[in-house]
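Please look through the model shown here.

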Amino acid sequence: MQGGCREQLVTTETEDGIRLDGAWIRPADGPARPIAIVWVHGGGTNFYHPSYLRIGRGLAVRHYAFITGNTRGHDYGAWNDRARDEPLLGGVAWEHLEESPTDVAAWIDFAVAHGFRRVALVGHSLGALKVTAYQAGHQDYRASGLGICSPPLRPRWNTRAYPDVLARAEQLVADGRPEQLLRGPDWWIPLSAQTWLSTDRFDLDQFGREHPAPPVAQVRCPLLALCGTEEPDTCLAEDLEVIRRNAIAAPRIECHVIEGADHFYTGHELHVAEVIAMWVDTLA
């Protein structure tokens, strides 16, 4: 128990047998509200990033349960335990992004199994793309709202701008070396050949910066989009207008800019928790 909330390490299992670790943070003084917040981490990080935990604690004191869970793409590289097979190499450098909806579903299932009939599904950074792809593809009625936090919306995150890298990745896969790391532009961390191709297939432009009819156009629940003013390489305030313009099926869209906040909202976590809580209040 810490600062008016209870914290518990938890696990869930995906439909293909991968064990995922996470944390469940909930109010210490009485029951939680009926909608839980399911938080999906960004690329190269994990469920216990300090900023995520501070946001969760800020929500718990407002009587919301907060579930922050790993995907198979947690950290830079990781072995993911499987119930019925050998461990699977994952982490952001070796993951297959097409498999991420399975991980998102597992954490929604966890929330429902623990008494929450509805969730607010929130993703940060690469996690914002994962939750958008999930909800666009599944139309999960259990998700009362979709939160998109600091998505990679700058043009530098378009894999198709680097055809030479994709060509090298295709050759490595053809040569039987899909797990070999491949360096791209300086602002990209090295990724395996298989992950470069997976990232291109998945398409990081979930919001329609360049492409017509993006996945976000299929999301039919209320949307919350936010970013900080100090993350110019990832998302600018005007980038949120891309989401507002293209989320044509959402009944309501809110956009917030956190003044002075970096990509992880360092020092501004309680402000983020307040914005999320006020938004979830409207979903009930």
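**Loops, a helix crossing and a surface patch**

In this predicted model, His63 sits in the loop that joins α1 (50-60) to β4 (66-69). Its phi is near 70°, a positive value in a residue other than glycine. Most residues other than glycine have a negative phi. His63 is partly exposed, because its relative accessibility is 25% and that class runs between 20% and 50%.

Tyr265 also has a positive phi, about 60°, although it is not a glycine. Its loop lies between β12 (253-258) and α7 (269-283). Is Tyr265 buried or exposed? Tyr265 counts as buried, because its relative accessibility is 1% and the cut-off is under 20%.

Now turn to helix α2, residues 100-113, which holds Thr102. Thr102 has 19% relative accessibility, so this residue counts as buried, given the cut-off of under 20%. Beyond its neighbours within four places in sequence, Thr102 contacts Thr14, Glu15, Asp16 and Arg72.

How do α2 and α3 cross? The axes of α2 and helix α3 (residues 126-138) come within 9 Å, at roughly 85°. The two helices are therefore roughly perpendicular. From α2, the contact uses Ser100, Pro101, Val104, Ala105 and Ile108. From α3, Lys130, Tyr134 and His138 take part.

Finish at the surface. Tyr76, Leu181 and Ile189 form a nonpolar patch there, with about 240 Å² of accessible area together. Leu181 belongs to strand β9 (residues 181-182). Leu181 has a relative accessible area of 38%, so this residue is partly exposed.

Definitions and conventions. Residues numbered from 1 in each chain as written. Predicted model: local features only at pLDDT ≥ 70, side-chain atom pairs only at ≥ 80, totals over all residues. Heavy atoms only, no water. Patch = residues over 30% accessible without salt bridge, like charges linked within 9 Å, V, L, I, M, F, W, Y side chains within 5 Å. Areas by Shrake-Rupley, 256 points an atom, 1.4 Å probe, with all protein chains shown as cover. Salt bridge = Lys/Arg side-chain N within 4 Å of Asp/Glu carboxyl O. Helix = DSSP H or I, 4+ residues; strand = E, 2+ residues; numbered from the N terminus. Buried < 20%, exposed > 50% of the residue type's maximum accessible area, 1.4 Å probe, protein only. Contact = heavy atoms within 4.5 Å. Axes fitted to C-alpha atoms, helices over the stretch in contact; angles between N-to-C directions. Parallel < 35°, antiparallel > 145°, perpendicular 65-115°, else oblique.
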